[in-house]
Number of protein chains: 2
Amino acid sequence: MVPSSLENFFNCKSIAVVGASNTKGKIGYDVLNNIINAGFKGEIYPINLKAEEIMGLKCYKKLTDIDGNIDLMVLIVPSNSIPAIMEQAGQKGIRAGVIISGGFREAGNLELEQEVLNIARKHSIRLLGPNCQGLSYTPNKLCASWPLINTEGSMGVISQSGTVAAQIGIWAQEEGLGVSSIVSLGNKVDVNEIDLIDYYDSDNKTEVISLYIEGVGDGRKFIDTLKKCHKPVVILKPGRTKEGRKAVVTHTDSIAGFSEVFEGICRQYGFINAHNIRELYDFSKAFAYMKRPSGNKVLIITSSGGSGALATDECIEAGLCMANLSAEVKQELKVNLPGHCVINNPFDLTGDANAPMYKYVIESVAKEDIDIIYVIFGDPLPEVAEIIIDLKQKVRQELVICYLGGGDVQKRETLKMHKNGIPVFPTPERAAAVLKKLLNYKKGDIHG
Amino acid sequence: MVPSSLENFFNCKSIAVVGASNTKGKIGYDVLNNIINAGFKGEIYPINLKAEEIMGLKCYKKLTDIDGNIDLMVLIVPSNSIPAIMEQAGQKGIRAGVIISGGFREAGNLELEQEVLNIARKHSIRLLGPNCQGLSYTPNKLCASWPLINTEGSMGVISQSGTVAAQIGIWAQEEGLGVSSIVSLGNKVDVNEIDLIDYYDSDNKTEVISLYIEGVGDGRKFIDTLKKCHKPVVILKPGRTKEGRKAVVTHTDSIAGFSEVFEGICRQYGFINAHNIRELYDFSKAFAYMKRPSGNKVLIITSSGGSGALATDECIEAGLCMANLSAEVKQELKVNLPGHCVINNPFDLTGDANAPMYKYVIESVAKEDIDIIYVIFGDPLPEVAEIIIDLKQKVRQELVICYLGGGDVQKRETLKMHKNGIPVFPTPERAAAVLKKLLNYKKGDIHG
């Protein structure tokens with residue numbers, strides 16, 4: 001069980017899809033379709049007992065009919081047919097398999113699951129799943145999963161829920177940020193969160209690890225792995241309530257006891273605890289692309305007085321403190337800005353603000369005793385992305401960007417910033433929440 | 001100051017846009033363009049000193065050059081030119097004006113603002129603004145504001161921040177729910193939140209009032225108006241912190257003292273207090289389209305075990321209680337559903353759930369001792385909207401719908417439910433948060 005055996009999953013050069021289908025709406029259709037449409041460059045072998053050809057690819061009846069080498073197999077077939085397929089895979093020398101099919105432990109068929117595991121061990125096949133939603137790894141243009149996720153980014157997602165993984169992937173894709181990888185764990189008969197944290201930790205495409213986990217087999221080893229991990233790990237774990245723990249036990253047969261101590265462990269060791277799916281995404285986005293601010297003194301610059309006031313409440317409640325501008329800088333700004341601008345904190349450029357005004361103010365205040373410059377774009381403000389992309393390199397302060405009320409212009413500008421690795425948050429409270437997490441991060445440097 | 005004088009704003013049959021512009025990017029362009037594109041059926045008169053024609057409409061030099069009647073004028077011109085225009089409006093017999101232009105009290109020009117108000121009073125002209133983002137009223141296809149909001153819905157928005165109003169409108173538009181109306185208050189020289197709450201209260205297109213307010217002139221009258229209002233009012237008010245109150249005073253010259261007692265007043269009188277813009281939107285959406293559940297016993301039905309576990313934590317933390325199914329109903333469901341379904345609470349149909357399975361379960365549990373059926377669709381599940389639209393009429397329980405991880409299928413199904421007045425929430429925590437607010441609502445029936 002050497003970690004490098006996971007290479008066959010992530011950097012496979014050939015894939016067999018057992019149970020590939022020509023029928024829209026079937027998982028065997030979606031998975032093959034997504035492997036093709038994500039742009040996978042290696043060989044793709046559909047396997048189906050009846051079809052001659054699927055999506056223009058020659059179809060095979062069984063794994064052993066294929067001449068070429070197969071790095072990874074994806075199984076989407078009834079669970080009781082899987083032991084025989086595993087034996088063929090062993091004959092064929094396949095070393096990695098994803099079992100998407102359900103019908104194992106989660107359906108009461110523990111024996112079948114054990115049988116599959118035994119065959120895998122006999123043939124040295126690493127297994128992901130069963131009962132999982134597959135995996136994607138964008139650097140290899142691999143999406144053996146659904147929905148189609150193919151935008152390259154820095155978040156490595158590990159999830160015990162296919163739906164949670166899918167939603168994180170969808171948000172990352174919609175926002176143009178992308179992911180490095182998504183792995184759905186399923187029943188974790190073999191490959192588990194510990195293997196994957198180790199893999200992502202040494203993967204240079206991954207900057208942050210996003211983990212949705214219900215239970216862990218070996219709590220001590222899990223904690224040790226997290227402690228050793230060099231990259232920030234954001235964790236969402238249900239089971240905060242007694243009823244939630246009961247639901248977790250039912251869903252994945254996880255040990256409930258660990259849930260009760262989990263939040264305490266996060267606090268103790270400085271792991272990043274997310275309270276819900278949205279936070280799992282937002283915190284991952286922040287830790288993938290932002291740095292820990294040098295302190296908690298924030299200056300809010302806005303074109304929307306209302307958003308500035310809301311952001312102020314959120315910042316104070318997040319433990320930040322409002323920075324003061326020096327009299328000299330205030331005077332300088334007063335001379336050069338329209339008379340109706342509010343030179344204060346929040347710094348309100350008001351409704352007729354534009355990109356150059358933001359640029360001027362950010363450059364002017366960068367020399368002040370401020371740790372965080374919190375920029376809020378309210379209403380459609382074009383060409384602000386270029387300003388921020390430029391200033392991000394120049395100012396020593398951490399910039400956090402919020403953009404709201406801007407409709408299509410906002411979408412365009414946000415996408416530009418995201419393409420340049422600058423995260424944009426859509427409401428004042430979400431920007432403040434990530435600042436709080438970044439400031440409270442205790443586990444050494446975020447990047448490197 | 002009779003309330004009916006606001007009819008000229010909402011149900012105007014003719015509009016003059018003073019300061020209409022042919023130049024893209026100018027507010028005078030956007031406002032005229034949006035009035036046209038929202039599909040306004042009445043007369044539209046652009047006024048511009050230099051142009052002969054704007055967007056295909058004949059252009060006038062001044063209000064008094066127009067032959068026809070003018071119900072509403074929208075002013076987007078330098079502030080110092082406004083007194084003269086107000087005098088012309090008086091001559092022309094105009095009774096309602098929106099002053100979008102800034103440059104008044106907020107810029108230190110209190111005298112100019114007072115002068116404009118005096119002229120308005122002399123000629124019995126009601127004024128919205130100045131320094132505001134205009135108004136929209138979808139039943140009259142009126143959008144004298146930006147961005148373009150023209151989807152008809154049930155939320156009436158009143159906002160002291162143009163950006164907050166715009167963002168609420170954008171979300172409502174994107175989600176296909178729409179609004180009845182959005183009014184940006186600006187400096188509130190005349191028309192204020194009290195006038196508008198009264199107007200919306202008697203407007204049969206408005207089911208919920210969404211209010212972003214920084215300060216009120218007459219706190220006692222404001223509270224009395226809210227108490228008398230027959231419709232739910234969701235309120236977002238910054239100023240929870242000392243620093244937030246300072247920001248509010250700077251932004252709109254509002255009295256800070258009221259902020260300190262505000263949350264207590266909401267609790268005391270049962271007004272719906274939102275903590276941030278997202279909650280203002282979500283709670284408005286819930287109170288516009290949902291009813292107060294008869295009790296707090298919830299059954300969660302899901303296709304995603306992970307989402308079900310997360311929702312359980314959120315429900316318990318929101319003060320709900322997990323309902324129990326009777327042995328008879330459990331037995332009946334067990335016989336008719338696939339063996340891997342988890343017949344419990346959360347009720348997990350697992351990954352191969354489909355619309356008919358949801359329908360069967362919801363119908364079966366409707367006879368049980370349950371107040372709320374919390375339905376979670378995880379992953380792309382087609383044709384679930386039709387099921388929910390049908391069952392909404394039939395089951396006595398309040399249905400709350402969450403849909404996540406479904407990508408394009410989710411968007412399509414959500415839109416169908418929204419078009420039928422059934423709100424869909426995109427994460428378990430947001431659905432639980434609205435349930436908490438609905439249950440805690442004390443002010444009589446939500447609708448009627």
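Hi everyone, let me start with the meeting of the two chains: 98% of the interface residues of chain B are also interface residues in chain A, so the copies meet through the same surface. Contact here means heavy atoms within 4.5 Å.

Some housekeeping. This is a predicted model, where local features need pLDDT of at least 70 and side-chain atom pairs count only at pLDDT 80 or more, while totals for chains, interfaces and linings use all residues. Residues are numbered from 1 along each chain as its sequence is written, chains are lettered from A and ligands numbered from 1 in the order in which they are written, and side-chain values use heavy atoms, with hydrogens and water left out.

Back to the interface. How many residues does the contact take from each chain? There are 59 from chain B and 58 from chain A. The size of an interface is often given as the accessible area lost when the parts come together. Here chain B and chain A bury about 4200 Å² between them, with 60% of that on carbon and sulfur atoms; buried area is the accessible area (1.4 Å probe) that two parts lose on being put together, summed over both. On the chain B side, Thr163(B), Leu310(B) and Asp313(B) lose the most area to chain A, and together they make up 14% of what that side buries.

Now the polar part. Between chain B and chain A, 20 residue pairs are in polar contact, both residues being at pLDDT 80 or more. A polar contact is a pair of N or O atoms within 3.5 Å; within protein, one must be able to donate a hydrogen and the other to accept it, and residues adjacent in sequence count only if both atoms are side-chain atoms.

Which elements of chain B give two or more residues to the side that touches chain A? They are α5 (162-174), α8 (242-252), α10 (277-289), α11 (305-317), α15 (407-419) and α16 (428-440) of chain B. α11(B) gives the most, with 10 residues. Helices (H or I, at least four residues) and strands (E, at least two) are DSSP runs, numbered from the N terminus. By class, this side of chain B has 21 nonpolar, 25 polar and 13 charged residues. For the classes, Ala, Val, Leu, Ile, Met, Phe, Trp, Tyr, Cys and Pro count as nonpolar, Asp, Glu, Lys and Arg as charged, and the others, Gly among them, as polar.

On to symmetry. Superposing chain B on chain A takes a rotation of 180° with 0.0 Å of shift along its axis, at an RMSD of 0.0 Å. The two copies are thus related as by a two-fold rotation axis. In chain B, the C-alpha nearest the axis belongs to Arg278(B), 6.2 Å from it. The superposition is by least squares on the C-alpha atoms of residues with pLDDT of at least 70 in both copies.

Next, salt bridges, each a side-chain nitrogen of Lys or Arg within 4 Å of a carboxyl oxygen of Asp or Glu. The whole structure has 40 of them over all chains, and the count between chain B and chain A is 6. Arg240(B) forms a salt bridge with Glu317(A), their closest N and O atoms being 2.8 Å apart. Arg240(B) lies in the loop between β13 (233-236) and α8 of chain B and Glu317(A) in helix α11 (residues 305-317) of chain A, so this pair joins two chains. Arg240(B) also meets Glu314(A) in a salt bridge, at 3.2 Å from N to O. At 19% relative accessibility Arg240(B) counts as buried, and Glu317(A), at 37%, as partly exposed. Buried means under 20% relative accessible area, exposed over 50%, and partly exposed in between (1.4 Å probe, protein chains only).

Within chain A, Asp282(A) forms a salt bridge with Arg430(A), the closest N and O atoms lying 2.7 Å apart. Asp282(A) sits in helix α10 and Arg430(A) in helix α16 of chain A, so the pair ties together parts that are 148 residues apart in sequence. Are these two residues buried or exposed? Both Asp282(A) and Arg430(A) are buried.

Last stop, Thr350(B), in the loop between β17 (347-348) and α13 (355-365) of chain B. Thr350(B) is buried, with a relative accessible area of 14%. The side chain of Thr350(B) makes a polar contact with that of Asp352(B), at 3.0 Å. Beyond its neighbours within four places in sequence, Thr350(B) is in contact with Thr302(B), Ser303(B), His340(B) and Cys341(B).
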